[in-house]
Amino acid sequence: MLFTDVIRNKRDGGALSDEQIRFFVDGLADGSLPAEQISALAMAIFLNGMSFDEAGKLTLAMAASGTVLDWSAESLDGPVVDKHSTGGVGDKVSFLLAPVAAACGCYVPMISGRGLGHTGGTTDKVESIPGYQSMPDFELFRRVVKSAGCAIIGQTEDLAPADRRFYAVRDVTGTVESVPLITASILSKKIAAGLEALVMDVKVGSGAFMETEERARELALSIIRTAAKAGLKTHALITDMNEVLGYTAGNAVEIRESMSYLRDEEREPRLNEVVMGLCAQMLVAGGICDDQAVARARCEQAVTSGAAADVFGRMCAELGGPTDFVDKFDKYLPAAKVVRPVYAEGILNTVNTRGVGNAVIELGGGRRKVGETLDLSVGFSGFAAIGQRLDKDRPLATVHAASAAAADKAANSLLAACRITEEAVAARPVIVDILTS
Ligand code: URA
């Protein structure tokens, strides 16, 4: 078979045959397909779509392109459950939810992604912890999940390798925002991770790949229906991404905020709502609780008792990070050379959150091309919330940059991404909807 025929078929609006899908996935996994052919097919799929059936077959083929984990031999005394987000700006939910869910009795083998388009990646963020092995072998991963209750790692060579290659190409070719491609990308990793249940955080808004509620719902339903066909029980929350989630956006700055959350020192309300909402859903989907309110109370208790912080500390140490990271994170995390406030006058009315994500990329905190090394110290902290009044005492945010020139540029990009007016703004709910299978 010639791969140009596969591209031409999809370019002309045809459906890929089972054989063509297998040929594509094999070529992704063994590295034989060149990036230009992968990107041509990605763009053809992006423009012409895929049927539910094609997307399901692509998902299963990518899941089977490497190792598929099986937890049944581990005699775990709780459900193997995970959460995945479709990607946002300032989304540090994984660092909070995985230890909270583990402290409540779940086992969370979290295989995360790197930055994609304008969105940050959990794997990049966790790599700002010195010594933390984000790509452990399966033996270590398995051991840490079993003993700490959760392990947050990146996509290793052997887990859904076809998605890993495809993801890296989509990241830099403007082909992310496609319902079948996001469905196949996310579910291939989750099916390969051997989960019993999955909770999806489908983001909607200016910082999400799905900018309208209609598109977010379409993606959520595509994921739920495709997962059900593969025997994976999935619940989805549609959550608001019309502003940065929490106070920070970047890599090390987000880990700093996460430690302060887990130590129960400061929990940004919208972030807390998303963490608690998703986590309660995980306990219900995993069969630990029947009732959302009871599940939520348990999650809350996991934070206030310090149990979730203990889980994070154990996971970090067992994966090679500092043994006192939760207590002394500031000593370990990289700090930017230039840290300065960005001032504005008025009420923060709207945020082009994609523009904020792009400003993080410009600072060096995200990738412009495949394989680029990141500056993990840069980003923004102290973000104001929509509706907040800004003045000389309350800046819009603080920029963390490698140089004064980079800080100036990022401050200008940030200001350009924010609309500041004198009108009062009504608060929007952060959890837009909950969909179950
Ligand atoms: N997250 C993924 O893992 N894949 C996508 O395509 C988008 C978000």
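**Cavities and ligand site**

Author: The lining of the second largest cavity receives its greatest contribution from α16, with three residues. A cavity is a set of points, on a 1 Å grid over the protein atoms alone, where a 1.4 Å probe fits but cannot get out, and lining residues have an atom within 4 Å of a point. Helices (H or I, at least four residues) and strands (E, at least two) are DSSP runs, numbered from the N terminus. This is a predicted model in which local features need pLDDT of at least 70 and side-chain atom pairs count only at pLDDT 80 or more, while totals for chains, interfaces and linings use all residues. Residues are numbered from 1 along each chain as its sequence is written, and side-chain values use heavy atoms, with hydrogens and water left out.

Reader: How much space lies in that second largest cavity?

Author: About 180 Å³. Its lining has 24 residues, and H118, T119, G120, V360 and G365 are the closest to its centre.

Reader: What takes up the largest cavity?

Author: The ligand does: the space it takes is the largest cavity. A molecule sits in a cavity if more than half of its atoms lie within 2 Å of the grid points. The volume of the largest cavity is about 310 Å³, and 28 residues line it, with H84, S85, T86, G87 and Y167 nearest its centre.

Reader: Which residues surround the ligand itself?

Author: The ligand is surrounded by H84, S85, T86, L116, Y167, R170, I182, S185, I186 and K189, where a residue counts if one of its heavy atoms lies within 4 Å. α9 (179–192) is among the elements that each supply at least two residues of this shell, and α9 provides the largest share, four residues.

Reader: Which side chain has a polar atom 2.6 Å from a nitrogen atom of the ligand?

Author: That is S185. On the oxygen side, a ligand oxygen atom is 2.8 Å from an N or O atom in the side chain of R170, and a polar side-chain atom of H84 lies 3.1 Å from a ligand oxygen atom. Of the 240 Å² of accessible area that the ligand has on its own, the protein covers 97%; such areas come from the Shrake-Rupley method with a 1.4 Å probe.

Reader: Changing topic, which helix gives the most to the lining of the largest pocket?

Author: α8, with six residues. A pocket is an open set with protein on both sides within 12 Å along at least five of seven lines. The largest pocket holds about 360 Å³ of space.

Definitions and conventions. Polar contact = N/O pair within 3.5 Å; in protein donor to acceptor, adjacent residues only side chain to side chain. Points joined across faces, edges and corners; volume = space filled by probe spheres on them.
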